[in-house]
Amino acid sequence: MAAAVLLLLLCCCPPVALALQHFTGEAPELSVQEGGLGLSLRLSVDDEDELRLLLRNGASLELVINAEILRQRTFLPNESLDERNFSFLLKYDSLTRQYRMSDPLTGKILQDPNMRSLLTKTWKQLELPLTNMDIFAQDEDYLVLLKLTLQYAEIPPWLDRSLVFWSREVVEPETYKLEFNLDDAAFSR
Amino acid sequence: MPLFPGERTQPVAKGRSRTAVAGSGHAPESNILTGTASLVKSQAQRSLDRKKRRREFFWAAMGLLLVLVLLFVQIQYFSSSSIFFALFFFNSVLLLGILFVVLRNAMKLLLERRRRIIGSRLRTRLVLAISAMTLIPCLVMFLVTAQFVKISIDFWFQNQVESTVETSLEMTRRTYESTAARLRSQAGFCLAEIEARDYGWGGVSMDAFLERKRQEYDLALVGTLDSGQVERNWQPEAGIGNAWQEAKNNLDWERLRRDGFLFAPGYGAQSDFMFGVLSVGSGRIGYLMLVEDMGEGFWSKLEEISAGTQEYKLLRTLRRELKATLYLTLTVLTALIALATIWFAFRVGKELTAPITTLVNATERMAEGDTSVRIEDTSSDEFAVLVKAFNRMAAEIGQSRQELTDTNALLGQQNLVLDQQRRYVETVLDNIAAGVLSFDAEWHITTANKAACEFIGLKLETAIGRNINTFLTKAQSRQTRKVGLKLLRRPGSHLQHQLVFTHDGEDRHLLATSVGLPSPEGKFQGGVVVFEDVTEMEKMQRMAAWREVARRIAHEIKNPLTPIKLSAQRLEKKFSAEVSDPVFQQSTQLIVRQVELLQSMVQEFSTFAKLPEVRLRRGKIAPVLQESVDMFRNSHANIIWSLDLDPNLPDLEMDGIALQRAFLNILTNAAEAFNFMESKTDMKAEAGMEAGGTLRPQARMEIKTDAEPAQESKPGRQNPAVRVRAVYDPETRMLRIDFIDNGPGLNDDERKRMFEPYFSRKKGGTGLGLTIVRSIITEHRGYVRALPNEADDSGTVISVELPTI
């Protein structure tokens, strides 16, 4: 009976991320980079020690940056023009005692015994190419929906299946809405 | 199909239960009626059920919609695994559905128990028993498993395991680092020697040196790279090339230049390698590379150890969540099993108790008298056998009941007949003049009719159960004791004896015929006494005897009287002149007078003996009375005569002459009662009707008064009066004629005996006048009684009652 009541409560209160930390840093900015639309992001977490402890305790973390470019419409739903995903896998190699991060932009794995140094080189100076400017037109308003998620990755399948009510999110997901049009000075061709 | 003729079996309510009760009512007619009623009821019930199902469906649909909305919200905003949460919600809904069903069943059962519905207690026991049978082991299993999970997970993260893992990692790390350190030092030595020998970087002259160093350090390769990271002095073994290209791509050259030395793993097809790269002149000159063959799968093994350690650490970090998940899963499973078990228990309880409940209901209905009840059962298990046995029993009881009813009806009819016969016999007994009385062996009265009660002077209500000896006089008791003794000796004998009962001062002579009632064994067990009132019969017999006496006296005395009288007259006539003695004349005259008196008496005797038979004809009484009274009004003017006639006097069957003779006798007696007549009143009453219907004297009758001379002081003497009153009583249909005088009156004894022959208080009276009156009135089926005149304080009332039919 108690289990049934517990389940009832669980139904009423869906499992949300009990986030350890929050993203910090400057707000993302859109810019034109090499003839395309780019996103500048200075990303960090509020408690790096906690993050470090997680990594040292065997966790692999994945930063997922999802950017969807939409054309805003008044009466109809916004039109999706493009969508990009960037995934940064961060983990600690207990053998080499180094932090390793896969960089989706270069395709390389960056290693550093110092996590802060590694993060400074990567997340704190992200310049992400989103799409070509050709898809944009004058007199139109556009929107970039940016969603940042830092979650556990490479969880052994048996554990992944077992931990049904465990939130994989390490940091509370962050969502940004960035509006622009080509009339802005920053985006003028 | 009816089981018995005239009986209708009604299949009713093939409902949710496999067993249904059929039939109701006691008689076939009532079966049909109640059957229709129950059909109506079942339709109403079905309608209610349909509404209920619709309502439940509505709420279920609403619940499902809510679940879908929640599911959408969950998936849209909170999901990490949509399938999981979909399944989770589906299971939750299922669980909640089962929980709802279980709670609903429990509430229903609770309510049924409170309402004391048949079968609810048994169902409760079954539910509790089945639930307990499953829940207790389930709970035990849950606790054991939970403990097992706790112990197991805690066991995984024991310090010993953890230290082992950490040690293995440390050992691996040391191997790795020592290899790297060795490569680094070897690279340093090698570079120092190259610098000492002043080789040109990447020149051919270095090949032999590098080959020698490779052999000296037992390495797979010792080579150089120029500042552009192009391989020089490069004589790799097979398999190194591909591994190096992969490691070269991942190598952080900038860091290498900064740090001076880096090592990188290499994965070969046959063997793994460790590449140690030393930057020379911060990479401006080139790079010295030493490659050590680590053997097949070396890096994989190291990484496995590392990955295993990492996984172990991750697991340790998440062990609380893992435990919670396992506990939750276990709890959910246990709850599911528990709820499913309880639901199953309810279901089984219902299945098991439904036929029992039906049987109990059917039995109760049968106990209430509905023998047409039947149970339908489509199963083939033991209940079906029970149901068949019940139906067979019901049919047999119904048949027996029908037979009993028929027998009862027959007995009722017979009782009715017997009751009618008994009433008839009672009516006969109550209306016969004879008294019938029965008694038991203890001489207690068991039955008595009205006449018997009247004879013995008891009321019917008090007579029953009373001992006979309690109301008998000593003399009567002596008589009955003798009779009783005879009956005891011979219970079947018939005995007759006479009893005299005095009732209201009047003796009643009863002829009692006693019959004993013997038992089949011949023992005395009571008897029956039949009383016959022989008082009147005795009187009649006495009257007849007296008439015979009167006739003989008249006959014997009458003949010599005439010669005696004539002789006396002759003597007087012949010798009166010769005999001067007045005694002679007085004597002869006395003889003549006495003879005349005797002749008168003889005449009266003769009249009494030869009273003509009355001839009844329809006639009116008023003229007879009027003529009689007028006759006396003229002859007895000193008496006030009055006649009150009811104007509605009906005609009656009568003999006018006989009645007038009777009335004249009564009136004569009344007149003589006043003693106003100086001498004996010779009342020559002549009776007879002329042809014209008028009263015609036929005979001369001398009536002597029976009454004593009245006292001077009595009020009657002052104003002597005789009143004749005739009234008709419609209720009894009797004509009553009262002759009321205010004379001196009579005492009780005189009144009792005044109608007896030859009873006279008057000297020389024959005592036949009122006897003749009684004889005439009796022949008219009437009654004559003497009563005191209570209205005038003295006098007598002679009351004559004559029937008008």
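Modeller: The side chains of B:Arg423 and B:Asp419 meet in a salt bridge, with N and O 2.9 Å apart; the term means a side-chain nitrogen of Lys or Arg within 4 Å of a carboxyl oxygen of Asp or Glu. This is a predicted model, in which local features need pLDDT of at least 70, side-chain atom pairs count only at pLDDT 80 or more, and totals for chains, interfaces and linings use all residues. Residues are numbered from 1 along each chain as its sequence is written, chains are lettered from A and ligands numbered from 1 in the order in which they are written, and side-chain values use heavy atoms, without hydrogens and water.

Both partners belong to helix H10 (residues 382–431) of chain B, four residues apart, about one turn of the helix. Helices (H or I, at least four residues) and strands (E, at least two) are DSSP runs, numbered from the N terminus. B:Asp419 is partly exposed at 23% relative accessibility, where buried is under 20%, exposed over 50% and partly exposed in between (1.4 Å probe, protein chains only).

In chain A, A:Arg42 pairs with A:Glu127 at 3.3 Å between the closest N and O atoms. A:Arg42 is in the loop between strands E3 (36–41) and E4 (44–45), and A:Glu127 in strand E9 (residues 126–132), so the pair ties together parts 85 residues apart in sequence. A:Arg42 is partly exposed at 29%, as is A:Glu127 at 32%.

A:Arg100 bridges to A:Asp93 at 3.5 Å; A:Arg100 is partly exposed at 24%, whereas A:Asp93 is buried at 12%.

A network of salt bridges links A:Arg97, B:Glu170, B:Arg173, B:Arg174 and B:Glu177. Over all chains the count is 40 salt bridges.
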